[in-house]
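Dear colleague,

I am handing over the structure we spoke about, and below it you will find notes on what turned up when I went through it. Please keep the structure open beside the text as you read.

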Amino acid sequence: MNTAAKMPTPPADNVINKDTQLDKTYKYGFSSDIEMDYAPKGLNEDIVRLISEKKGEPEWMLEWRLNAFRIWQNMVEPNWAKLGYPPIDYNDIYYYAAPKSQKEKPKSLDEVDPELLAVYEKLGIPLKEQEVLAGVEGTSNVAIDAVFDSVSVATTFKDKLAEMGVIFCPISEAIRDYPELVKKYLGTVVPQGDNFFAALNCAVFTDGSFVYIPKGVRCPMELSTYFRINARDTGQFERTLIIADDDSYVSYLEGCTAPQRDENQLHAAVVELVAMKNAEIKYSTVQNWYPGDENGKGGIYNFVTKRGTCKGERSKISWTQVETGSAVTWKYPSCILEGDYSVGEFYSVAVTNNCQQADTGTKMIHKGKNTSSTIISKGISAGRSNNTYRGLVHIFPEAENARNYTECDSLLMGNKCGAHTVPYIRAHNNTANLEHEATTSKISDEQLFYCRQRGLSEEDSVSLIVNGFAKDVMQQLPMEFAVEAQKLLGISLEGSVG
Amino acid sequence: MTELLNIENLHARVEEKEILKGLSLKVNAGEVHAIMGPNGSGKSTLASVLAGKPGYEITEGSVNFQGEDLLEFEAEERAQKGIFLGFQYPVEIPGVNSMYFLRTALNAQRKARGEEELDGIDFMDFIQDKLELLDMNTEFLKRPVNVGFSGGEKKRHETLQMCALNPTLALLDETDSGLDIDALQIVSRGVNAMRGEGKAIVLITHYQRLLDYIEPDFVHVLKDGQIIKSGDKTLATELEKEGYSGLTNETTAA
């Protein structure tokens with residue numbers, strides 16, 4: 001659906017070097033002067049070897065990367081999404097950038113470059129505080145792995161988690177310290193040749209998080225990774241692998257920001273989840289990469305492959321995402337429901353404003369018997385943006401009694417944005433029970449006036465209405481994220497009415 | 001008597017159509033005014049213009065509220081200054097429960113007045129007696145604003161908001177429409193509780209029925225964008241008997 005009419009006048013002032021200005025537009029737009037160690041621009045086998053060497057990887061890992069690189073070379077970039085962007089020059093990107101002071105891995109937070117810690121503090125995650133708080137009862141209980149450009153800089157609470165047998169560390173460390181686990185699962189959910197961006201990630205991924213929850217363990221705290229792209233012309237290719245063994249539970253949060261830059265930056269991540277028998281993985285994302293300015297200049301290209309396999313019986317994987325950032329988003333967190341009675345969930349809020357484009361949704365692949373999945377997608381479009389839900393519900397012939405419920409709601413603000421819903425359903429077993437609901441609505445002038453008459457400013461009114469619209473998804477977020485995410489929805493839509 | 005509101009020769013149009021054509025009205029603190037009139041006479045437009053609804057163009061005249069030019073202010077600023085509009089057709093806000101909505105509104109107003117905001121617990125204490133006054137319970141506050149409300153529930157909810165926000169000037173647009181006698185009594189109880197020194201109420205209504213429960217000090221007849229007759233409450237009874245048509249003839253003749 002596409003309509004055209006008046007567009008709110010963008011603020012004339014695009015200068016973003018003042019703190020006050022940043023607060024109003026993109027709060028995380030600062031960049032930090034940290035000495036970086038770069039690999040040369042461009043992509044070839046030597047770069048892949050260099051990355052592997054920098055990471056001190058074993059031979060098998062290098063071979064795995066090179067294999068992926070060769071696959072990638074024979075692939076073409078997909079163009080089926082409802083996205084338009086100029087061709088990406090894959091040879092004009094730095095594939096490896098690391099803060100110089102990180103060459104020698106810090107043993108503890110005390111050894112981490114204070115400049116880096118200051119950056120994270122600015123982002124609202126005081127790592128030091130986290131550790132101090134660890135001993136205090138009833139305080140925040142989140143373990144954080146922070147990834148800065150290509151390198152994981154600090155993981156908190158490691159010792160406490162280790163006591164329970166939980167492994168939470170940078171994936172580069174896991175490759176060295178837990179090669180058997182990594183070998184067993186890496187690439188099993190998202191194969192190397194799965195798609196163009198996943199193949200690229202396999203070849204050049206630099207860091208990310210690794211999580212293993214042993215049998216019967218309920219991870220006592222939220223695990224969280226914070227991704228930050230800081231360096232110019234850098235791609236971030238992180239790789240996350242989470243394995244929840246039988247009867248275990250883990251809730252994992254992921255947050256992302258990037259500085260405001262005029263040029264586009266590439267982000268191509270892969271996340272793989274494996275849930276064994278009776279295990280549950282809850283994966284939440286608040287994606288707030290820099291979206292570009294009012295005229296569509298700059299911003300992150302976000303091409304992400306996220307997928308989980310419910311391997312065991314009665315396992316469950318739940319994706320929750322709040323997507324407000326990036327110039328271009330291409331992302332379909334999916335579930336492969338192999339185990340009988342396994343459950344897949346996808347809760348999504350995607351906000352696009354100005355010239356942002358988002359093509360996002362999920363795939364629910366039902367293979368096991370009595371598997372069920374739920375999809376709740378809330379798209380909010382403003383400005384001249386385009387917001388597409390694209391989803392697949394696939395019922396395999398052997399999946400007796402599979403159930404799916406899908407709800408896709410779109411909210412439009414103004415008359416120049418687009419909301420699109422593209423649901424695919426492939427049902428190869430006639431015992432399947434599938435429901436699909438879709439609505440499109442607009443924030444009405446009557447709603448706005450009603451709120452304003454009660455004393456709310458126009459922007460608070462929009463924020464209230466939008467958060468109400470997205471409530472079913474927002475309430476899936478862990479407490480630690482919910483308040484921040486609510487504010488983010490309001491901020492992302494600032495200036496979109498009037 | 002302290003003057004609260006003074007409307008002089010107000011002309012207002014919406015999409016090139018003139019609706020208010022030189023309306024004048026004075027409201028003093030402590031008074032209750034009823035504005036009656038046939039459909040399309042401009043009653044709801046008057047309420048909307050006073051509350052600052054976008055889309056209306058004021059071509060002539062002035063509105064003074066407590067010594068300030070009311071037309072200078074945005075809708076939310078007018079609300080913060082103590083103007084409340086009870087809507088004829090309250091709007092649904094899916095996913096936002098009444099408690100959150102009302103507390104957010106109250107705090108926005110308190111903040112604008114430099115008062116301390118209420119947290120969830122304080123708010124529950126604050127709202128309790130207002131709920132009781134209107135025969136409502138806290139379960140009601142958990143429902144999304146106006147979603148699936150019956151006509152009576154919507155009007156009680158409007159009245160609850162009025163009692164909570166405690167305005168200086170309450171404009172009630174057809175608060176009685178769609179109410180059965182029981183609901184009418186409850187809503188009237190809320191409105192009567194609002195009466196008091198320093199405050200005023202303007203009731204916009206079709207029927208005299210409401211005025212049996214809320215006794216006005218003045219009754220005005222609005223027709224074709226002007227107030228054509230004013231009087232005390234007996235005027236309402238007269239109108240009920242005679243209708244508006246006779247009245248028009250009388251004034252045009254005069």
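Please bear in mind throughout that this is a predicted model. I begin in chain A, where A:Arg454 lies over the face of A:Tyr450, at 4.8 Å from the ring centre. A:Tyr450 is one of the buried residues of helix α10 of chain A, and the others are A:Gln447, A:Leu448, A:Phe449, A:Cys451, A:Arg452 and A:Gln453. Because 7 of the 9 residues of this helix, which spans residues 445-453, are buried, the rest of the structure largely encloses it. Just after α10(A) comes A:Gly455, which takes a positive phi of about 110°.

Turning to the aromatic residues, a search of the whole structure finds 23 aromatic pairs over all chains. A:Tyr301 and A:Phe303 form an edge-to-face pair, with 6.4 Å from centre to centre and 70° between the planes, and both of these residues are buried. They also belong to one aromatic cluster in chain A, whose members include A:Phe69, A:Trp72, A:Trp80, A:Trp330 and A:Tyr332.

In chain B, B:Phe123 and B:Phe126 form a pair that is tilted, at 6.1 Å centre to centre and 35° between the planes. Both lie in helix α4 (residues 120-133) of chain B, 3 residues apart, which is about one turn of the helix. B:Phe123 has a relative accessible area of 0%, and it is therefore counted as buried.

Chain B also holds an open sheet of 4 strands in the order β2-β1-β4-β5, with antiparallel pairing. Its edge strands, each pairing on one side only, are β2 (17-28) and β5 (68-69). Strand β4 (residues 57-65) of chain B pairs with β5(B) in the antiparallel sense over 2 bridges, and B:Phe65 has B:Glu68 in β5(B) as its bridge partner. Helix α1 (residues 43-51) of chain B packs on the sheet, where it touches β1 (3-14), β2 and β4, and its direction makes about 110° with that of β1(B).

Finally, a word on confidence: the predictor gives the complex an ipTM of 0.95 and a pTM of 0.82. The mean pLDDT of chain B is 90, and 96% of its residues reach 70 or more, but pLDDT stays under 50 over residues 249-254 of chain B, for which the model has 2 contacts beyond four places in sequence. Where pLDDT is low, the predicted coordinates should not be read in detail.

With best wishes

Definitions and conventions:
Residues are numbered from 1 along each chain as its sequence is written. Chains are lettered from A and ligands numbered from 1 in the order in which they are written. This is a predicted model: local features need pLDDT of at least 70, side-chain atom pairs count only at pLDDT 80 or more; totals for chains, interfaces and linings use all residues. Side-chain values use heavy atoms; hydrogens and water are left out. Rings of Phe, Tyr and Trp (its six-membered ring) pair if their centres lie within 6.5 Å; planes under 30 degrees apart count as stacked, over 60 as edge-to-face and the rest as tilted. Buried means under 20% relative accessible area, exposed over 50%, partly exposed in between (1.4 Å probe, protein chains only). A charge sits over a ring if NZ of Lys or CZ of Arg is within 6 Å of the ring centre and within 35 degrees of the ring normal. pLDDT is the predictor's confidence in each residue, from 0 to 100. Contact means heavy atoms within 4.5 Å. Two strands pair if DSSP finds at least two bridges between them. Axes are lines fitted to C-alpha atoms, for helices over the stretch in contact, and angles run from 0 to 180 degrees between N-to-C directions.
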